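Colleague: I would like to learn how to read this model. Shall we take it step by step?

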Amino acid sequence: VYLNGKLLGDSSIHTSPVEFDVTKVVNRTGENEIHLVLTDWSAFLKEGTPPPKDGELSPPRCSALTGNALSIRMGLYGFVELLAAPNVRVKRIWAIPSVKNDQLTVKTWLENHGDSEASVKIHHQVEDKTGKRLEFDGPEVKIPAKSVIVSETVKDQAKLPLWSLEKPNLCGLTVSLLQNERTIDRDFSRFGFRDIDKQGRDILL
């Protein structure tokens with residue numbers, strides 16, 4: 001990935017989003033040009049292994065840098081965008097449901113790019129497909145300068161609609177970051193309220 005002719009970095013993991021800090025490269029007063037170089041799955045074939053004649057077939061002995069057998073085709077799996085972010089922001093969120101305990105645990109990664117410690121409040125909002133909302137606050141946390149911390153909040157008696165193969169109900173989770181009672185950043189994710197368990201050699205959903 002290049003921005004304005006400068007190499008930002010690269011990635012061989014096609015299943016996860018990639019993020020680069022462009023603070024020192026971005027043009028703040030004019031246009032910015034993003035340039036992408038894409039490599040198809042044949043670049044991951046082991047030396048001496050010819051690609052299959054049918055490009056839709058999973059190539060033999062094809063492994064990415066992660067060691068997994070993958071059929072990696074050229075192209076983009078998502079969108080590319082240039083975003084302005086505040087010094088203190090939500091870097092990542094993760095919803096961890098527990099049907100057995102009727103709980104929802106939310107982990108939030110918070111990043112502080114600033115030169116001083118920052119105090120923030122966390123607010124959670126969950127909405128199901130019917131529009132029913134569940135709102136709860138997390139703790140007030142302090143993020144040291146130039147660092148990332150993880151905050152965890154557990155909501156008891158979540159009472160969210162269950163996810164199943166017959167009814168794949170998805171809930172939307174919005175995590176907002178507040179400073180001086182003002183929202184400075186937020187992130188959104190979807191999840192299903194379900195449990196994955198293991199009994200012997202069986203994996204149960």
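Modeller: Two strands pair if DSSP finds at least two bridges between them. Strands are DSSP runs of E, at least two residues long, numbered from the N terminus. This is a predicted model: local features need pLDDT of at least 70, side-chain atom pairs count only at pLDDT 80 or more, and totals for chains, interfaces and linings use all residues. Residues are numbered from 1 along each chain as its sequence is written, and side-chain values use heavy atoms, without hydrogens and water.

Colleague: In the open sheet of three strands, what is the strand order?

Modeller: The pairing is antiparallel. β2 (6-7) and β3 (34-35) each have a single partner strand, so one side of each is left without a neighbour in the sheet. Both therefore stand at the edges. The order is β2-β1-β3.

Colleague: Which residue in β2 is the bridge partner of Y2?

Modeller: Strand β1 covers residues 2-3 and pairs with β2 in the antiparallel sense. Two bridges join this pair. The partner of Y2 is L7.

Colleague: How many bridges join β6 to β7?

Modeller: These strands form a hairpin with five residues between them. In the turn, G131 has a positive phi of about 95 degrees. E127 has R133 in β7 as its bridge partner. The strands run antiparallel, and the number of bridges is nine.

Colleague: Which residue in β9 does V126 stand opposite?

Modeller: β6 and β9 run antiparallel, joined by seven bridges. V126 is in contact (heavy atoms within 4.5 Å) with residues including L104, L160 and L173. Its opposite residue in β9 is L173.

Key. Helices (H or I, at least four residues) and strands (E, at least two) are DSSP runs, numbered from the N terminus. Lists of a residue's contacts leave out its neighbours within four places in sequence.
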